[in-house]
Amino acid sequence: MEVGIEDCLHIEFEYNKGKYHLKDCVLGKVYFLLVKIRIKIMELQLIRRETIGSGMNCAFIFIGSNEQTESETLAKFEVMDGAPVRGECIPIRLFLKAYDLTPSYKNVNNKFKVRYFLNLVLIDEEDRRYFKQQEITLWRKKL
């Protein structure tokens, strides 16, 4: 996935797969294609988003509006400190076994869903935050 700000910042955010076992390892790389902003920190966050209520999406049609969403940051760590240069590649490795995770649930009786996201956050020298979220699916073999 390529993200960026036109003529200022372009990065390519790459992970080895989109579905992970609960005890798997997320491997990835961040490529800096264009850097004209002074980045000082890059963080990776693992976020769980739970949604409850009757306003679930059904075949891409929104039905109702009494749903509540709660987000929780399960992990947050710094993967880069300092300004990157054009062409630089930052490796990412996140071991999921260290966290108390549940499988992803898309739609349980039109009332409940659990989704997980990897959130890449870039912070520049003026403390502006740039971020991109990528949804991942977690699964488990057996109970």
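Mentor: Start with histidine 21. Its side chain reaches the backbone nitrogen of lysine 23 at 3.0 Å. Keep in mind that this is a predicted model.

Trainee: Where is the place of histidine 21?

Mentor: Histidine 21 sits in strand S3, residues 19-21.

Trainee: Leaving aside neighbours within four places in sequence, what is histidine 21 in contact with?

Mentor: Leaving those neighbours aside, histidine 21 is in contact with Leu96, Trp139, Arg140 and Lys141.

Trainee: New topic. Which residues in the largest nonpolar core touch the most other members?

Mentor: Val30, Phe32 and Met42 do, in a core of 30 residues. Two or more residues come from each of S2, S4, S5 (39-53), S8 (67-81), S9 (89-95), S11 (112-124) and S12 (129-139). S11 gives the most, with 5 residues.

Trainee: What is phenylalanine 32 in contact with, beyond four places in sequence?

Mentor: Its contacts beyond that range include Leu9, His10, Ile11, Met42, Ile90 and Leu122.

Trainee: Leu9 and Ile11 are in S2, then. Which face of S2 are they on, covered or uncovered?

Mentor: The covered face of S2 (residues 9-15) has Leu9, Ile11, Phe13 and Tyr15. His10, Glu12 and Glu14 make up the uncovered face.

Trainee: Why every other residue?

Mentor: In a regular strand, side chains alternate between the two faces of the sheet.

Trainee: How many bridges join S2 to S4?

Mentor: There are 7, and the two strands run antiparallel. S4 covers residues 25-35. Histidine 10 stands opposite leucine 34 of S4.

Trainee: Staying in S4, is cysteine 25 buried or exposed?

Mentor: Cysteine 25, in S4, is buried, because its relative accessible area is 15%, and the cut-off for buried is under 20%.

Trainee: What are its contacts, leaving aside neighbours within four places in sequence?

Mentor: Cysteine 25 is in contact with Asn16, Tyr20, Arg93, Leu94 and Phe95. Cysteine 25 and phenylalanine 95 are 70 residues apart along the chain, yet their C-alpha atoms are separated by 4.4 Å.

Trainee: Last one. Is aspartate 81 buried or exposed?

Mentor: Aspartate 81 lies in strand S8. Aspartate 81 is exposed because its relative accessible area is 62%, and exposed means over 50%.

Trainee: What is aspartate 81 in contact with, beyond four places in sequence?

Mentor: Lys40 and Ile41. Methionine 42 is 39 residues from aspartate 81 in sequence, and their C-alpha atoms are 6.6 Å apart in space.

Terms used: Residues are numbered from 1 along each chain as its sequence is written. This is a predicted model: local features need pLDDT of at least 70, side-chain atom pairs count only at pLDDT 80 or more; totals for chains, interfaces and linings use all residues. Side-chain values use heavy atoms; hydrogens and water are left out. Buried means under 20% relative accessible area, exposed over 50%, partly exposed in between (1.4 Å probe, protein chains only). Helices (H or I, at least four residues) and strands (E, at least two) are DSSP runs, numbered from the N terminus. Two strands pair if DSSP finds at least two bridges between them. A polar contact is a pair of N or O atoms within 3.5 Å; within protein, one must be able to donate a hydrogen and the other to accept it, and residues adjacent in sequence count only if both atoms are side-chain atoms. Contact means heavy atoms within 4.5 Å. A nonpolar core is a set of buried Ala, Val, Leu, Ile, Met, Phe, Trp, Tyr and Cys residues joined through side-chain atoms within 4.5 Å.
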